[in-house]
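Please keep the sequence and the coordinates at hand while reading.

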Amino acid sequence: NGQSGTELMGKQLGLAGCGAIAQNVIRIAKGMDMFCYAYDPFMSPLQIGTFGAAPADDLDELFLQCN
């Protein structure tokens with residue numbers, strides 16, 4: 001009936017890491033109009049931003065952004 005489940009559009013997604021798998025998850029999530037945050041201690045915020053996610057400073061901020 002189209003009423004079951006939860007829409008993903010407009011939801012927030014937080015990713016702990018921004019490797020190859022996370023980059024593809026971001027690509028798919030962006031296709032569903034989701035807003036993505038990512039934290040990766042081995043990447044600069046600029047690198048994370050190039051993949052389409054908003055960078056988080058640490059995991060605590062990541063969890064707060066995606067509450």
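## A nonpolar patch on the surface

Leu8, Ile28 and Met32 together form a nonpolar patch on the surface of this predicted model, and the accessible area of the three residues comes to about 250 Å². Leu8 is found in the segment before β1, the strand that spans residues 12-16. Its relative accessibility is 39%, and Leu8 therefore counts as partly exposed, a class that lies between the 20% and 50% limits.

## Overall layout and confidence

The protein contains three helices and three strands, and read from the N terminus these elements follow the order β-α-β-α-β-α. Taken along the principal axes, the box filled by the C-alpha atoms is roughly 45 × 20 × 15 Å. The accessible surface amounts to about 4,700 Å², and carbon and sulfur atoms hold 57% of that surface. Of the 67 residues in the protein, 24% are buried. Among contacts with a separation of 6 or more, 35% are made by residues 24 or more positions apart.

The average pLDDT of the protein is 90, and 93% of the residues score at least 70. In the comparison of elements, helix α3 (residues 59-65) has the lowest confidence, with a mean of 91, whereas β2 has the highest, at 96.

## The nonpolar core

Which residues make up the largest nonpolar core? This core has 10 residues, namely Leu15, Cys18, Ala22, Ile26, Ala29, Met34, Cys36, Ala38, Ile48 and Ala53. Two or more of these residues come from each of α1 (20-31) and β2 (35-39), and α1 provides the largest share, three residues.

One of the core residues, Ile48, lies in helix α2. Is Ile48 buried or exposed? Its relative accessible area is 2%, which is under the 20% limit, so Ile48 is buried. When neighbours within four places in sequence are left aside, Ile48 is in contact with Cys18, Ala38, Tyr39, Asp40, Met43, Ala53, Ala54 and Pro55. As for Gly31, which is 17 residues away from Ile48 along the chain, the C-alpha atoms of the two residues are separated by 18 Å.

Met43, one of the contact partners of Ile48, is placed in the loop between β2 and α2, the latter spanning residues 45-50. With a relative accessible area of 23%, Met43 is partly exposed, because this value falls between 20% and 50%.

Again leaving aside neighbours within four places in sequence, Met43 is in contact with Cys18, Gln23, Ile48 and Phe51. Cys18 and Met43 are 25 residues apart along the chain, and their C-alpha atoms are separated by 7.9 Å.

## A positive phi at Asp33

The loop between α1 and β2 holds Asp33, a residue other than glycine whose phi has a positive value, near 55 degrees. How much of Asp33 is accessible, in relative terms? The relative accessible area of Asp33 is 52%, which is over the 50% limit, and Asp33 is therefore exposed.

Methods
Residues are numbered from 1 along each chain as its sequence is written. This is a predicted model: local features need pLDDT of at least 70, side-chain atom pairs count only at pLDDT 80 or more; totals for chains, interfaces and linings use all residues. Side-chain values use heavy atoms; hydrogens and water are left out. A nonpolar core is a set of buried Ala, Val, Leu, Ile, Met, Phe, Trp, Tyr and Cys residues joined through side-chain atoms within 4.5 Å. Buried means under 20% relative accessible area, exposed over 50%, partly exposed in between (1.4 Å probe, protein chains only). Helices (H or I, at least four residues) and strands (E, at least two) are DSSP runs, numbered from the N terminus. pLDDT is the predictor's confidence in each residue, from 0 to 100. Patches are made of residues with over 30% relative accessible area and no salt bridge: like charges are joined within 9 Å, nonpolar side chains (Val, Leu, Ile, Met, Phe, Trp, Tyr) within 5 Å. Accessible areas come from the Shrake-Rupley method with a 1.4 Å probe; for residues, only the protein chains shown count as cover. A salt bridge is a side-chain nitrogen of Lys or Arg within 4 Å of a carboxyl oxygen of Asp or Glu. Contact means heavy atoms within 4.5 Å.
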